[in-house]
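Subject: Structure handover

Hi,

Here is the structure I promised to pass on. Have a look at it first, and my notes follow below.

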Amino acid sequence: MATANTNLSAYDKNTIPNAKDFRFGIVVSEWNHEITEGMFQGAFDALKDCGAINENIVRWNVPGSFELIYGCKRMVESYDMLDAVIAIGSVIQGETKHFDYVCEAVAQGIKDLNVTGNIPIIFCVLTDNNMQQAIDRSGGKHGNKGTEAAIAAIKMAQLRKDSRF
Ligand SMILES: Nc1c(NC[C@H](O)[C@H](O)[C@H](O)CO)[nH]c(=O)[nH]c1=O
Ligand SMILES: CC(=O)[C@@H](O)COP(=O)(O)O
């Protein structure tokens, strides 16, 4: 099912673990900042709504989506108590192949962090054909990808905790 048939902000709190004891990192790309701020707000609000406290949510900014990889890596290295990190970016198709390289790099880079690291890194990067698609997915008619990412972060934090021996 495509996002057009889904509301990215829809969640049932009864099915989500309480987040009050978890610590979250959020790394936000400044490219297309009106879009990434919308997703940051969606993520922050959902974490709070599910029980997370302000003191347990740390935010860093990076210049573009390509830098999310290093930003997430350094954040995990700098804070030893994080339970999940959300990488927020918005890549919008331009005239050249730059879009493909940035999208490919950030997806592979964040995948690599998940494979090699111990902290789940959530992929909250919109890869849109145009600005309208980005608006629709960052608090617009299709909801907010940031909300969806926050719910994924809570579920993965719980999975990580439950999977410890
Ligand atoms: N065009 C977009 C970019 N480009 C910038 C790169 O992410 C990167 O910051 C630069 O190449 C320096 O390493 N970034 C986005 O997040 N969104 C775009 O649409
Ligand atoms: C996604 C991009 O990297 C991008 O918007 C760059 O635009 P262009 O390909 O026109 O230089």
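Helices (H or I, at least four residues) and strands (E, at least two) are DSSP runs, numbered from the N terminus. Going by that, E77 and K73 both sit in helix α2 (residues 68-78), 4 residues apart, or about one turn of the helix.

Before the rest, some housekeeping: this is a predicted model, where local features need pLDDT of at least 70 and side-chain atom pairs count only at pLDDT 80 or more, while totals for chains, interfaces and linings use all residues. Residues are numbered from 1 along each chain as its sequence is written, chains are lettered from A and ligands numbered from 1 in the order in which they are written, and side-chain values use heavy atoms, with hydrogens and water left out.

Now the salt bridges (a side-chain nitrogen of Lys or Arg within 4 Å of a carboxyl oxygen of Asp or Glu). There are 8 in the structure. E77 pairs with K73 at 3.3 Å, N to O, and with R74 at 2.8 Å. R74 is also in helix α2, 3 residues from E77, and K73, R74 and E77 are linked in a network of salt bridges.

Another one joins D49 to K13, with the closest N and O atoms 3.2 Å apart. D49 lies in helix α1 (residues 33-49) and K13 in the segment before β1 (24-29), so this pair ties together parts that are 36 residues apart in sequence. D49 is partly exposed at 37% relative accessibility, and K13 is too, at 43% (buried is under 20% relative accessible area, exposed over 50%, partly exposed in between, using a 1.4 Å probe and protein chains only).

Cheers
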